[in-house]
Amino acid sequence: MGSDRPVREAENRLERFNSDRERLLSEVERRVVARRVGESRAGGDSSLEYVLNDVAFNEIRRLEGKGNGAADKWKDLSRRLLGMSEEEKAAELRRLVRYYGQDVVGNFDPRVYRFATGIAPSLLGFVFNPITSVRQGMDTLRNLDARISADGEIDLVRTCAERGTIVVTPTHSSNMDSPAIGLGLLRAHLPPVTYGAGKNLFTNPFVSFFMRNLGAYRVDRRLKFELYKDVLKEYSTVLLEHGYHSLFFPGGTRCRSNIVEKHLKLGLLGTTVTAYKNSVREGAPHKRIYIVPVTINYRLVLEAETLIADFLAETGKNRYIITDDEFSRIGRIVEFFRKILVHEGSVVVRFGRPLDVFGNDITDDGESIDRAGRIVDPASFVRGADGEVTDDDQRDAEYTRALGRRLAAAYPRLTVFHSTNLAARVLYDAIARTAGTRDVYRLLRAPAGALGVPYAEAVEGMDRLRARISANPAWGSEHPHYTAQPSAEKLDHAVKSLGTYHTRPAVTRQGDILQVDDVKLLYYYQNRTAHLPPEPGGGAT
């Protein structure tokens with residue numbers, strides 16, 4: 001299994017987080033203020049007046065329509081700016097940086113961590129699983145951790161956690177991803193991580209309690225001005241420099257379509273280059289940072305109905321933060337545990353081979369290597385010809401884009417296909433052939449008679465799809481627990497799953513016909529296989 005040392009060390013470090021918090025915040029404040037004041041003195045478009053006015057303007061625009069006077073203080077700041085001295089502007093800047101820093105910063109309660117990693121999983125199993133006897137209940141408690149399985153390059157990730165700081169970078173399908181990855185790390189004997197969570201998630205009292213006390217820091221995506229982004233990025237940078245293992249979702253928000261992410265927003269990922277560069281500048285190039293690609297693979301997704309409806313709706317293109325989905329209703333979360341997590345391996349967290357912050361591969365000892373397999377010194381990527389560390393925003397941005405491309409290329413291979421994904425792909429292919437199109441909007445208008453698939457045809461399609469996946473590991477792989485399962489049994493399992501959890505069945509069996517009842521949901525689950533090319537001779541395009 002390997003050493004648990006990185007887990008114990010990370011737990012000890014997080015237990016010291018609350019005593020470190022003021023020091024971390026002060027460092028964030030010092031850096032952001034010094035940088036902004038320095039840029040203002042250098043002239044150009046980054047004057048303190050411009051920075052403060054940007055805050056005021058964006059906050060007025062965000063709050064003015066609420067009619068509760070929330071925008072008044074920002075209007076007052078906007079009026080006062082013209083008469084402020086540079087010293088007063090710097091003081092106002094410092095106050096705002098401190099305010100937003102305190103809003104972002106997380107908390108870590110060792111008691112809650114011990115509860116969450118010890119008692120809570122068993123408690124959840126006892127409460128949420130449909131057990132009929134004490135004996136069955138105890139069996140469920142012993143086997144609960146099998147509901148979320150972790151596999152992949154776990155030993156190498158553990159080696160990297162011992163040598164340096166790891167940044168876990170998962171795909172993002174659901175608001176359940178944070179607890180899923182947390183349990184996946186625990187299952188893999190990997191250290192706990194800090195992570196940024198959308199502030200809207202803290203409105204759920206049950207989940208908020210754990211996030212607030214397990215190191216999650218708040219990200220308010222409503223705040224669009226540059227100063228807030230500065231504070232957020234600097235906070236992430238400081239955490240990494242101080243050795244706090246972290247988690248970023250490179251795709252940004254949840255993927256509405258369920259397609260494996262390929263166009264990453266990167267977001268805070270750029271702070272990994274900055275943090276490493278700062279360590280090299282401070283004479284500590286040995287303080288490595290490793291980026292770990294991860295996929296989180298669900299049999300069923302809690303918010304699937306809301307997400308795919310939002311993706312397909314024209315208005316959905318402008319709906320960045322969803323606050324009224326299934327995750328906001330505690331009853332749906334209870335149902336998620338009862339109906340989804342009762343099956344072994346319902347969620348698979350797969351860890352890929354780590355990279356360095358520049359997107360280079362690494363050896364089994366954590367050394368960076370180039371494309372020819374030669375060991376390279378990662379510090380050389382941030383040093384100039386004279387050997388000194390240089391600041392070059394354009395260079396560093398390109399490093400981050402290169403890293404993003406490597407992550408996007410890794411995700412398909414790390415994808416685990418559940419029976420629900422495979423069955424949805426087979427059925428979607430079949431109705432597309434009948435309709436002569438794969439266009440989901442046209443299929444949504446298809447008559448019910450065109451949405452039936454003979455059961456025997458679906459089993460044959462499942463056989464062919466599984467054979468194609470087995471022959472092409474770069475596309476991903478089947479669930480490791482069920483590779484020997486006959487296709488008919490796999491199909492039956494998928495139809496039952498797709499027909500019982502969501503408010504409307506995606507597919508039902510009617511004699512020898514599998515009837516697609518919800519094209520949108522079928523489309524959502526088959527989208528996990530969207531990177532697989534069409535079957536040769538499949539017909540519809």
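Residues are numbered from 1 along each chain as its sequence is written, and side-chain values use heavy atoms, with hydrogens and water left out. Because the model is predicted, local features need pLDDT of at least 70 and side-chain atom pairs count only at pLDDT 80 or more, while totals for chains, interfaces and linings use all residues.

The protein contains 20 helices and 15 strands. These elements are DSSP runs numbered from the N terminus: helices are H or I with at least four residues, strands are E with at least two. Of its 541 residues, 55% count as buried. Buried means under 20% relative accessible area, exposed means over 50%, and partly exposed lies in between (1.4 Å probe, protein chains only). The accessible surface comes to about 23700 Å². Carbon and sulfur atoms hold 52% of that surface. Areas follow the Shrake-Rupley method with a 1.4 Å probe; for residues, only the protein chains shown count as cover. Among contacts with a separation of 6 or more, 76% join residues 24 or more positions apart. A contact requires heavy atoms within 4.5 Å.

The largest nonpolar core has 76 residues. Such a core is a set of buried Ala, Val, Leu, Ile, Met, Phe, Trp, Tyr and Cys residues joined through side-chain atoms within 4.5 Å. Residues with the most contacts inside this core include Ile166, Val168, Phe351 and Tyr525. Helix H16 (residues 419–435) gives the most to the core, with eight residues. A second, separate core of 68 residues includes Phe17, Leu266, Leu268 and Val280. In soluble globular proteins, nonpolar side chains tend to be buried together. Beyond its neighbours within four places in sequence, Val168 contacts Ile181, Leu185, Val193, Ser246, Leu247, Phe248, Val292 and Val294.

Helix H16 is mostly covered, with 14 of its 17 residues buried. From first C-alpha to last, H16 reaches 24 Å, close to the 24 Å expected at 1.5 Å a residue. The expected span is 1.5 Å times one less than the number of residues. Just after H16, Gly436 takes a positive phi of about 75°.

Arg425 lies in H16. Arg425 counts as buried because its relative accessibility is 2%. A polar atom of its side chain lies 3.4 Å from the backbone oxygen of Leu532. Not counting residues up to four places away in sequence, Arg425 touches Arg438, Leu465, Gln526, Thr529, Ala530, Leu532, Pro533 and Pro534.

Gln526 belongs to helix H20 (residues 519–526). Gln526 is also buried, at a relative accessible area of 4%. Its side chain makes a polar contact of 3.4 Å with that of Arg438. A polar contact is a pair of N or O atoms within 3.5 Å; within protein, one must be able to donate a hydrogen and the other to accept it, and residues adjacent in sequence count only if both atoms are side-chain atoms. Outside four places in sequence, Gln526 contacts Asn421, Ala424, Arg425, Tyr428 and Arg438.

Arg413, in helix H15 (residues 393–414), is partly exposed, at 49% relative accessible area. Arg413 and Asn472 are 59 residues apart in sequence and 9.2 Å apart in space, C-alpha to C-alpha. Leaving aside neighbours within four places in sequence, Arg413 contacts Pro473, Ala474 and Gly476.

The disulfide count is zero, with a disulfide taken as a pair of cysteine sulfur atoms within 2.5 Å. Cys160 is buried at 1% relative accessible area. Cys255 counts as buried at 13%.
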